[in-house]
Amino acid sequence: MIGRIAILGCGAKKASARRLARELYTGPLFRAARDYIEAAGLPYAILSARWGLVAPWASLEPYDLTVKEQRRHMGDEDWRIWCHAQGSALLHQLELGIFGRLCGWPAAFRLEVHAGAEYAAWVRELRRKARALRVAVVIGKVARALRSR
């Protein structure tokens, strides 16, 4: 059986005070992607430029950084290291069964990444880390749906 999990990229627009991660990001694309994921009943995490991979219920302080800005400031090698660390964090959380209904390590899963193109390097690093995983990458699906409204 193939499980499904989702990773939601953070957004540039944020609330002005501490919130749950699922409520901290206030931009329309983030909210639409979050609503889509939650309506589908998928367990998910958020990849934050500042805090890394976080659970939706984690309490976070707002910050002024985007993944695009972080990548530009880090340089290629540090960016690769950051992507590797976030991929390792995801795999570790899956092994511990942190993603709700997925208890333990599934034999295969479909990973849906709802984020901008700057997250592609992270997905490539995740694939290198766990070659046996079936990874379906969904980038821009929510944005296209919003534009068609």
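**Close-up views of a predicted model**

**View 1. Arg50 over the ring of Trp51.** Arg50 lies over the face of Trp51, 4.2 Å from the ring centre. A charge counts as sitting over a ring if NZ of Lys or CZ of Arg is within 6 Å of the ring centre and within 35 degrees of the ring normal. This is a predicted model, in which local features need pLDDT of at least 70, side-chain atom pairs count only at pLDDT 80 or more, and totals for chains, interfaces and linings use all residues. Residues are numbered from 1 along each chain as its sequence is written, and side-chain values use heavy atoms, with hydrogens and water left out.

**View 2. The chain as a whole.** The chain has 6 helices and 6 strands; both are DSSP runs numbered from the N terminus, helices being H or I with at least four residues and strands E with at least two. From the N terminus on, their order is β-β-α-α-β-β-β-α-α-β-α-α. Of the 149 residues, 46% count as buried (buried is under 20% relative accessible area, exposed over 50%, partly exposed in between; 1.4 Å probe, protein chains only). Among contacts in the chain with a separation of 6 or more, 67% are between residues 24 or more positions apart, a contact being heavy atoms within 4.5 Å. The accessible surface comes to about 8000 Å², and 53% of that belongs to carbon and sulfur atoms; areas come from the Shrake-Rupley method with a 1.4 Å probe, and for residues only the protein chains shown count as cover.

**View 3. The largest nonpolar core.** This core has 34 residues, and those with the most contacts inside it are Ile7, Cys10, Tyr25, Ile46, Val113 and Trp122. Elements that give two or more residues to it include strand S1 (2-9), helix H2 (28-39), helix H4 (76-96) and strand S6 (108-114). A nonpolar core is a set of buried Ala, Val, Leu, Ile, Met, Phe, Trp, Tyr and Cys residues joined through side-chain atoms within 4.5 Å. Leaving aside neighbours within four places in sequence, Trp122 is in contact with Ile7, Leu47, Cys83, Gln86, Gly87, Leu90, Leu111 and Val113.

View 4. The whole structure holds 3 aromatic pairs. Rings of Phe, Tyr and Trp (its six-membered ring) pair if their centres lie within 6.5 Å; planes under 30 degrees apart count as stacked, over 60 as edge-to-face and the rest as tilted. Tyr25 and Phe30 have ring centres 5.1 Å apart and planes at 55°, so this pair is tilted. Tyr25 and Tyr63 form an edge-to-face pair, at 6.3 Å centre to centre with 75° between the planes. The latter pair links distant parts of the chain: Tyr25 is in the loop between H1 and H2, and Tyr63, 38 residues apart, is in the loop between strand S5 (59-60) and helix H3 (67-74). Lys14 lies over the face of Tyr63, at 4.5 Å from the ring centre.

**View 5. Arg34 in helix H2.** Arg34 lies in helix H2 and is buried, with a relative accessible area of 11%. Not counting residues up to four places away in sequence, Arg34 touches Leu8, Arg22, Glu23 and Tyr44.

**View 6. Cys10 and Cys83.** Cys10 counts as buried at 13% relative accessibility, and Cys83 at 1%. The structure holds 0 disulfides, a disulfide being a pair of cysteine sulfur atoms within 2.5 Å.
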